[in-house]
Amino acid sequence: MFQIHDLIIQRNGRDALRVDSLDIQRGETLAVVGPNGAGKSTLLLALARLLNPARGEIIYDGKSLMQRNELEYRRKISFVFQAPLLMDMTVEQNVALGLKFRSTPKEEIQARIGKWAKQLDIESLLKRRAGQLSGGEAQRVSLARAFVLEPELMLLDEPFAALDPPTRAKLIEDLSVLLKEDSRTAVFVTHNLNEATKLSHRIAVIVDGVLRQVGTAKQIKTKPADENVKAFLQELPQ
Amino acid sequence: MFDSEIWQITALSIQVSVIATIISLLIGLPFGTWLALGNFRGRSFILSIINTGMALPPVVVGLVVAIMLWRSGPLGNLRLIYTPVAIIIAQTIIAAPVVTGLTAAALEALDPRLQQQLLGLGASRGQMVWNLWREARLPLLAALMAGFGSVISEVGASMMVGGNIRGQTRVLTTAIVLETSKGEFGQALALSTLLLVLTYLINLALTWIQQRGRKVDHSANTMLQSAPRK
């Protein structure tokens with residue numbers, strides 16, 4: 001689905017991410033791990049075409065992202081940030097937002113909201129305003145807002161980082177089931193190797209703005225590609 | 001002063017100030033949005049000019065517009081001096097920086113990731129801007145009220161470019177100045193009360209619109225949106 005070659009992304013005038021080579025298969029869940037500020041979110045923003053490459057390219061289904069119509073491409077994906085970033089409207093209106101952007105017919109919007117509100121257990125919240133939700137509820141709504149689009153690619157940037165451990169564990173469990181049932185392509189940024197192992201087919205390790213290794217959890221744990229990956233793994237809580 | 005004359009003055013005051021506020025909104029909303037969302041060289045400089053413009057003394061605006069519209073001035077052939085249109089022009093110059101500056105401030109106060117989130121959900125640029133306006137509707141309505149407040153209450157510019165001509169360009173503020181200068185304090189106080197009531201009623205309507213959608217305590221939302229940034 002994606003082939004990335006020789007990619008450099010700059011932020012604030014300096015190189016924020018270098019990826020020599022990375023392929024993402026359709027239907028795959030790729031977890032991206034690494035320390036704070038390593039460049040994980042930068043990879044997601046580049047895949048969403050919210051940051052443009054300074055060098056190299058991202059090929060999507062055989063054609064460079066930069067040559068594709070920006071809006072058309074973005075309507076094939078959905079992005080979930082660490083903060084829920086809900087709009088000051090009802091939960092139902094929030095979940096419908098992306099579908100309204102796509103001028104989806106009303107009946108279709110209602111059907112999809114019904115389906116995904118049930119899947120993510122937010123049916124009872126639909127009439128509530130976003131400001132009345134707890135952190136866990138808001139993040140569920142944020143996930144529903146992304147899933148309801150039934151996109152080709154989901155980009156999830158540490159969506160559970162701000163949540164308390166029990167809520168986080170429950171949401172990861174639910175997301176794991178959804179991603180497997182749905183066979184949707186997803187790239188998921190996390191700090192946590194256990195989360196990455198649970199949710200993904202493969203793991204990409206980014207340290208100091210460079211993609212160092214891509215492989216299964218076992219491969220990364222037993223054969224870290226370099227000292228940077230090794231040091232990152234040693235710093236993780238056991 | 002006859003009742004009919006007071007109503008004519010009041011109607012003209014409302015007419016010129018509402019038109020000037022609407023034109024200021026049509027200028028200030030897109031310009032302020034462009035300044036808030038743009039990332040270009042000279043942005044801070046333009047913002048500093050706009051912020052200075054928010055404190056423009058009406059008499060200075062009146063002087064400049066009067067020079068431009070004077071019969072021998074560059075736009076003298078338009079014959080607008082001492083007409084309601086001249087007052088509208090001057091009031092627009094006073095209100096537009098207020099609306100622009102407060103629009104930019106309102107949008108800059110939103111979480112910057114909201115733009116990326118909207119684009120990440122498939123919004124076009126227009127849809128993104130519309131939703132940002134919707135999200136900032138309370139401070140944007142405050143910008144509109146501030147713009148209206150700055151023109152309905154000003155006297156210097158209206159006096160200089162309108163001329164305070166009875167039955168043609170006399171508005172409430174210039175009438176109050178005239179009655180005071182004649183020692184007719186009762187008339188001046190009555191007109192002042194009328195101006196205050198009028199301003200109150202228009203702001204009451206705008207406040208009602210502003211508060212209509214604000215039915216919930218936003219503290220929870222603030223908490224949700226203030227998760228640590230990376």
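**View 1. Helices α2 and α4 of chain B pack against each other.** Helix α2 (residues 43-53) and helix α4 (residues 84-108) of chain B pack at an angle of about 130°, with their axes 8 Å apart. Helices here are DSSP runs (H or I, at least four residues) and strands are E runs of at least two, numbered from the N terminus. Axes are lines fitted to C-alpha atoms, for helices over the stretch in contact, and angles run from 0 to 180 degrees between N-to-C directions. α2(B) and α4(B) are therefore oblique to each other; angles under 35 degrees count as roughly parallel, over 145 as roughly antiparallel, 65 to 115 as roughly perpendicular and the rest as oblique. The crossing in which α2(B) passes α4(B) is left-handed, a word used if the near helix is turned anticlockwise from the far one by less than a right angle, with right-handed for clockwise. On the α2(B) side you will find L47(B), I50(B), N51(B) and G53(B), which meet P97(B), T100(B), G101(B) and A104(B) of α4(B). Two residues are in contact if their C-beta atoms, placed from the backbone, lie within 7 Å. By class, the contact of α2(B) with α4(B) holds four nonpolar, four polar and no charged residues. Ala, Val, Leu, Ile, Met, Phe, Trp, Tyr, Cys and Pro count as nonpolar, Asp, Glu, Lys and Arg as charged, and the others, Gly among them, as polar.

A note for all the views: this is a predicted model, in which local features need pLDDT of at least 70 and side-chain atom pairs count only at pLDDT 80 or more, while totals for chains, interfaces and linings use all residues. Residues are numbered from 1 along each chain as its sequence is written, and chains are lettered from A and ligands numbered from 1 in the order in which they are written.

**View 2. T52(B) sits in helix α2 of chain B****.** T52(B) is exposed, with 11 other C-beta atoms within 10 Å. A residue is buried if 20 or more other C-beta atoms lie within 10 Å of its own, exposed if 12 or fewer, and partly exposed in between, with C-beta atoms placed from the backbone.

View 3. The axes of α1(B) (residues 3-37) and α4(B) come within 6 Å and cross at roughly 35°. This crossing of α1(B) and α4(B) is right-handed. Sorted by class, the contact of α1(B) with α4(B) has 20 nonpolar, 11 polar and one charged residues.

**View 4. Helices α7 and α10 of chain B lie side by side.** α7(B) (residues 137-152) packs with α10(B) at an angle of about 170°, their axes 10 Å apart. α7(B) and α10(B) are therefore roughly antiparallel to each other. From α7(B), L138(B), L141(B), L144(B), M145(B), F148(B), G149(B) and I152(B) meet T199(B), I202(B), N203(B), L206(B), I209(B) and Q210(B) in α10(B). The classes in the contact of α7(B) with α10(B) are nine nonpolar, four polar and no charged residues.

**View 5. Helix α9 of chain B has buried residues under cover from other helices****.** In α9(B) (residues 172-181), the buried residues are L172(B), T173(B), T174(B), A175(B) and I176(B). Their cover includes α1, α8 (156-162) and α10 (185-212) of chain B. After α9(B) comes G183(B), with a positive phi near 80°.

**View 6. The largest nonpolar core has 129 residues****.** A nonpolar core is a set of buried Ala, Val, Leu, Ile, Met, Phe, Trp, Tyr and Cys residues joined through C-beta atoms within 7 Å. The residues with the most contacts inside this core are V32(A), A144(A), L155(A), V65(B), A90(B) and V161(B). Its largest share, 16 residues, comes from α4(B). Beyond neighbours within four places in sequence, V32(A) is in contact with K40(A), L43(A), V187(A), F188(A), V189(A), A204(A) and I206(A).

**View 7. Chains A and B meet.** Chain A gives 29 residues to the contact and chain B gives 23. The elements of chain A that provide two or more residues to the side touching chain B are α2 (70-74), β6 (77-80), α3 (91-101) and α5 (135-147). That side of chain A divides into 16 nonpolar, seven polar and six charged residues.

**View 8. G136(A) lies in helix α5 of chain A****.** G136(A) counts as partly exposed, with 18 C-beta neighbours inside 10 Å. Not counting residues up to four places away in sequence, G136(A) touches L163(A), T167(A) and L171(A).
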